[in-house]
Amino acid sequence: MAHVPPTHLSATPLDRFGAPPSLPEAGEGLDRVQAMALTSPAETSLSGNVTHNTNYFGPVAINMVKRANNVSMGSNYGTINQNSGAGELEESYLAALDFLSKHMAAGAIHDSKERCDAPKCMPETRVAVQDEILSWITDGQKDPDPKRIVWVTGPAGTGKTAILGTIAERCKADGMLAATFFFSSFSSSLARRSKTHLVSTLAYQLLQHEVLDRVPRIRARMCQAIRRDPAILQKRLQTQIEELILLPLRHGAPTGTDSMRSNQMAIIVDGLDECNYVEGESLLPAGSNDSHGIRRTKEDEQREILSAILHAANDPSFPFVFVIASRPELAIREFFNTNLARSATRELFLDNKYDPGADIRLFYEAKFSSIRRRFNLSSKWPSVEELLELIANASGQFIYATTVIRFVEGPPPGAQDVAPAIEGLLTPHQRLLRIIDLRTRVHSPNVRPLEALDILYGSVVKTCQEPSLSMKWLGGILFLDAASLSARQLCLWMEQSPGEEVCALGPLSSLIYIPSDPHCNDLCYSFYHRSFVDFIEDKSRCLDLYVSAHQACDFVSRRYFENIDNRRFFITYHLSSESLVQSNNQFTD
C-alpha cells in the first residue's frame, strides 16, 4: 500500500451503532476502507493516499499504513501497524549518495586522502589575499556592484592552490563552505583532470551538506532528479547542473534559499587550467554529416565548465558564490572578458600589491630555522645578503622558494632509495651556495637544483602548438628588449603570419605579460619571473627546448628581412641603428 498522509479517524464504541460491516483483510487496499466511512465527501488518490478528513465509526484492521497522523481510535477494536514513510525517503537519499559516489572524483575534494600533502599557506603568510577573498564571500553581496564569481588568477607558481586550499579549510571551520573541486594535471586519477566528474562531485557534497537539513525538500528533489534520469551524468554540464542542482533549488523550497543566503557560502573550484583531459568527444560543425567530427580541445572543456558555472551563478535561486582559481590562460582569459562573464565576475590578480616578497621571507625564515636545528648550524646562517638574494630571485613565486628549500635541506632523515650526494653538495651550505651561484656557474647536467621549477616551465612551454617557435619568440623578445620596443612593434617585426603571436605566446600568459590591446604602442612584453628568463638562457635547464642567443638573433634577423621583402610594414621608423647595436651587444655579452 502507498503512503497514507495525515488522516483523522474518530472511532466510537460499536454498541451504539449496531453490528459493523465486514472488515477488509490486511493488504486489501483502501477501497473497502473508504466504503466503510460514514461521511462524505471523500477524496482519495489512486495511489492510496488519503487526502481528506473523515469520521469512521467501526473497528480497524489495517497493517499496511506507512504514515498516519492525528489518528484517534477511541475505544475501538483492531490495530494499525504504522510504517513511517521517512524510511523510504532515507532509502532514496542513500541511493542517491551511492549513485553519485560512483561517478565522482573523490580525490578532488579539499580534504580528500589524495590531497593530504597538498600545499597550504603557512601561518601569517598570504594573509592579505586570504582576508580579501573571505571578506568577499561573507559581505560581497553588499558591494555597490555585487558579483557572484571571483576569479583568482596570476602567474604560474604564485601559490593559488595553497591559497584556495587554506580558504577551503577556513570556510569549512566557519560554516561557509558548500563544496570544492581541485583539478590537478599531475594527479594519477583522470577524474581530476577531466570535466566529467565536476558536477557529480559538487552535487554529492551539496546533497549531504547540513545546510539542506533546513530545507529537506531540496534534498528530496535532488534525489528525485537522479531517480528520474539515471543517465543525467551523460549529458552536457549545463544540463547536469540544471537538473541536479538548480531545479531542486527553484522548486524544492522557494523560500528556503533565502535562509541559505543569509549565511553566504562558497563553492571553490581550483586549477581550472589543469583540466586538460578530453574523453574522446568530438564537436561536429553545424549541419555537418561528417562522422569523424572535430576533436575537442582542453580549451573547449574549460569553456564548457565556465559556461555552466556562469549559468548557475546568474540563477536567482542559486544561493552560493563561486571562487575559481586558474592561471590566466588565453581561453580562460577570453571567457572572462566577455560581457556576460565580466558582469558577474570580480578578478583578483596575485601581483605585488599583496606583498608576496614579505610572505616569501617569512617562509624562508621558518624553513631555514628548521634546517639550522636539524644540522646544528649557526643562528646567523644564511646571511642577510643571501636571504635577500633568494627573495629577489623568487620574484613573488612561491614555487621557486619551495624548490630552493627542498634542494637545500636535502632528503629527509631515514629516506630510502636516495641517490648518493654529489661531491661538493654534501651539506646545506654547499647546496645553498650552488643555488646562489646558478647565474654564473657552468652546471653539470647531473645537478639540477631547480628541477621542479624547470619541469613546471617546460610543461607550460610544451602546451604551445610549436614549442620551438615559442622559444624563438621568447629569445627574440629578450634580444630586442634593450631597444625598448612595444609589444605591437615586436609583433610587427617577428610575426610572419597574422595570428602567429597568439599561437606562439598565448599559452604562456602565466609566464609573460601579453598586452591585450594589439593597437597600443606603449605596452611592452614583460616576464613575470626572473627565474623564467634564467631558464630560457640555460641549456642545462631547458634541455631540448633550448634556443641559443645566436639562434634567437638569426630568427629575428630573418623575420625582419622576410617582412620587409613582403612589404607588409616598414619598421625602420621605430628603430635606430644605435638601439639595435646596443641590444645586440647586451644580448651577446
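Biologist: At roughly what angle do the axes of helix 14 and helix 15 cross?

Modeller: Two packed helices are described by the angle between their axes and the distance between the axes. Here the axes of helix 14 (residues 398-409) and helix 15 (residues 428-436) cross at roughly 140° and come within 8 Å. Axes are lines fitted to C-alpha atoms, for helices over the stretch in contact, with angles from 0 to 180 degrees between N-to-C directions. Helices are DSSP runs (H or I, at least four residues), numbered from the N terminus. This is a predicted model: local features need pLDDT of at least 70, side-chain atom pairs count only at pLDDT 80 or more, and totals for chains, interfaces and linings use all residues. Residues are numbered from 1 along each chain as its sequence is written, and side-chain values use heavy atoms, leaving out hydrogens and water.

Biologist: Which residues of helix 14 meet helix 15?

Modeller: Contact means heavy atoms within 4.5 Å. Tyr 400, Val 404, Phe 407, Val 408 and Glu 409 of helix 14 meet Pro 428, Arg 431, Leu 432, Arg 434 and Ile 435 of helix 15.

Biologist: What about the backbone?

Modeller: Most residues other than glycine have a negative phi, and most peptide bonds are trans. In this model, a cis peptide bond joins Trp 381 and Pro 382, with omega about -10°. Pro 382 lies in the loop between helix 12 (356-375) and helix 13 (384-394).

Biologist: Which phi does Arg 126 have, and is Arg 126 buried or exposed?

Modeller: Arg 126 has a positive phi of about 55°. Its relative accessibility is 5%, so Arg 126 counts as buried (under 20% relative accessible area, with exposed over 50% and partly exposed in between; 1.4 Å probe, protein chains only).

Technical notes
Helix = DSSP H or I, 4+ residues; strand = E, 2+ residues; numbered from the N terminus.
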